[in-house]
Amino acid sequence: MKRFNYILFIIIATLSACSFLDLEPKDELTRDNFYKNDREVTLALSGVYAQLRTLYAEDFSVWLNVGTDEMLYRRATFGKELSRMSYNESDIDLARIWKNSYTAINIANDFIGSLSALDTIPNLKRTDHDLMLGEALTLRAMFYFNMVRMWEHIPLRLDHFTDLNGNLEDLNLPNVPANKIYNQIVADLEASLELMNERPKQYGRVSKQIAHGILARVFLNMAGARVQGGDFGKDYCLNKVVEHTNAVVNYGYHTLLPEYEEVFLNEIKGIRNDVEVMWEVDFTVSDSRNLGGRIGNFNGVQISFTSGNQPFATANSYIAPTMHNALYSNTDTRKAWNCADFSFNNDGDFYFPVFTKNQLRWYPGKWRRLDLGRDSNGELDDTAESLEMGVINKDRTSINFPLLRYSDVLLMRAEALYLLQGENEQSNQDIELVRNRANAGTLEEGLMQVDGNYMKLIQEERRRELCYEGHRRFDLVRWGTLLETMRDLSENIRANPSFREEHEIQLVAPGERVEEKHVVFPIPSDELQINVNIKQHNLW
């Protein structure tokens with residue numbers, strides 16, 4: 001049985017078809033014959049970045065999003081217990097996420113340890129040496145951040161480990177308190193700030209501004225219900241959110257794009273623009289190298305199957321009815337893009353939309369592979385328009401997934417300042433910027449929708465703006481509202497006129513099964529059986 005906390009080889013893979021990311025695949029490269037020159041260091045770093053694609057192909061992008069008040073698993077059967085609040089330590093998806101996450105951490109550890117031990121490398125400038133080290137530290141922090149939010153008390157490994165016959169105490173690491181994991185994440189990111197440039201050296205790589213944004217997210221999570229400020233204190237964490245979001249805003253490069261849907265059309269079409277999407281996972285597909293993810297297939301608008309290599313979407317999720325009932329104002333342009341009351345059928349290669357009046361059967365529209373066709377006057381004409389560019393793969397897509405957006409930076413700052421000061425001018429301005437771009441109405445109108453509850457406005461604004469982007473579950477946990485939100489959602493669904501027990505029972509399952517233990521995930525049973533020093537979370 002393979003262990004989940006080590007790997008034997010560096011698996012180097014490519015990320016896309018462009019410059020730094022366009023590198024020849026290398027498999028099973030041993031550590032002893034690597035890092036001899038600048039190209040090999042670059043290749044090794046691309047292998048660290050490649051782990052993002054593994055983690056976000058479907059797990060952190062889809063399955064950890066489903067089962068919230070944004071998306072609900074629409075199948076009555078067919079597994080995916082993560083989405084039903086019916087998982088346990090034997091869940092195969094959790095086992096995969098745990099294994100892939102520690103594989104990613106181990107590859108990052110190898111790079112960090114190897115590069116730190118080498119003062120000079122042929123043809124590699126010292127500035128590039130430090131820059132690449134900062135990038136790897138940022139990536140390791142991101143890997144650990146995802147894990148600590150899922151499992152809280154986990155093993156902390158900071159060195160590369162491959163010795164199967166070595167000291168079992170080194171092999172079988174115990175859980176450490178979540179606070180210690182957060183401290184290491186902060187240390188890695190703060191160290192990276194001293195090593196990286198303000199802007200990425202090449203598109204798709206991280207930079208100082210991206211590290212500022214991720215640090216803000218880490219500190220905001222630490223200020224939440226589960227961590228309560230950790231070893232730093234809640235107010236310290238909130239002030240750090242303000243500090244790091246200010247750094248991004250004051251740098252002056254990043255801003256909101258003019259139209260909300262433009263953000264996601266860029267993701268779908270592979271248009272590289274980091275003005276608003278500061279950092280993304282690249283799933284570019286080429287004829288010779290299929291590196292695609294499942295974005296738009298598993299979490300998009302349903303497209304019926306057809307022969308050939310035409311777009312297809314299983315669309316495993318419906319959106320929660322609270323996503324389109326009363327969440328948006330009548331003028332808010334985000335609703336039409338986020339909430340799709342249609343699917344696509346076909347007659348051969350001719351696709352056409354099929355609309356539904358059943359409010360429980362709307363799809364997440366953000367990463368649609370096809371869009372509604374329009375005539376020369378902009379009127380719907382019962383056709384479908386293909387959005388993806390270049391090679392089309394039936395099952396996998398080249399649609400990219402955002403890891404950090406500028407609108408998130410604004411909303412994080414608004415939330416932190418409100419928690420520190422109460423209602424204030426800067427929070428008002430940040431929220432208004434996001435709402436104005438979407439033509440959502442004034443701040444006062446937004447407050448009227450939530451009976452004047454400012455914190456509720458921030459929470460709903462995050463759902464309107466950032467839905468299906470992997471934030472909602474973690475947001476609900478840090479706000480301490482997961483249980484009540486999911487229970488209220490199930491009641492809302494049962495009260496919907498379209499609800500039928502025999503057809504929609506799976507939609508109410510998460511809210512009717514949710515318990516306190518679901519704010520974290522159980523450590524996989526395989527790891528518990530192998531690692532004699534690890535213990536299950538006390539909620540499980």
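Is Cys339 buried or exposed? Select Cys339 and show the surface around it: Cys339 is buried, with a relative accessible area of 5%. Buried here means under 20% relative accessible area, with exposed over 50% and partly exposed in between, using a 1.4 Å probe and protein chains only.

A word on what you're viewing. This is a predicted model, in which local features need pLDDT of at least 70 and side-chain atom pairs count only at pLDDT 80 or more, while totals for chains, interfaces and linings use all residues. Residues are numbered from 1 along each chain as its sequence is written, and side-chain values use heavy atoms, with hydrogens and water left out.

**Stop 1**

**Stop 2: helix 9**

Now select residues 260–269, which make up helix 9. Helices (H or I, at least four residues) and strands (E, at least two) are DSSP runs, numbered from the N terminus. Why is helix 9 largely enclosed by the rest of the structure? Seven of its 10 residues are buried. Colour those in: Tyr260, Val263, Phe264, Leu265, Asn266, Glu267 and Ile268. They pack against strand 4, helix 10 (334–338), strand 12, helix 12 (425–437) and helix 14 (454–466), with contact meaning heavy atoms within 4.5 Å. Step just past helix 9 to find Gly270, which takes a positive phi of about 75°.

**Stop 3: a glycine in a loop**

Next, pick Gly292, in the loop between strand 4 (277–281) and strand 5 (317–319). Gly292 counts as buried, at 8% relative accessibility.

**Stop 4: the cavities**

How many cavities of 30 Å³ or more does the structure hold? There are seven. On a 1 Å grid over the protein atoms alone, a cavity is a set of points where a 1.4 Å probe fits but cannot get out, and lining residues have an atom within 4 Å of a point. Grid points are joined across faces, edges and corners, and a volume is the space filled by probe spheres set on the points.

The largest cavity has about 120 Å³ of space. Select Tyr56, Arg149, Arg217, Glu469 and Gly470, the closest to its centre of the 14 residues that line it. Helix 4 (126–151) and strand 12 (401–405) are the elements that give two or more residues to this lining.

Move on to the second largest cavity, at about 100 Å³. Its lining includes Val148, Arg149, Tyr182, Asn221 and Phe474. Helix 15 (472–479) and helix 4 each supply at least two lining residues, and the largest share, three residues, comes from helix 15.

**Last stop: confidence**

Finally, colour by pLDDT, the predictor's confidence in each residue, from 0 to 100. The chain averages 91, and 91% of the residues score at least 70. Select residues 1–19 to see a stretch where pLDDT stays under 50, then residues 24–29, where pLDDT also stays under 50.

Definitions and conventions:
On a 1 Å grid over the protein atoms alone, a cavity is a set of points where a 1.4 Å probe fits but cannot get out, and a pocket is an open set with protein on both sides within 12 Å along at least five of seven lines; lining residues have an atom within 4 Å of a point.
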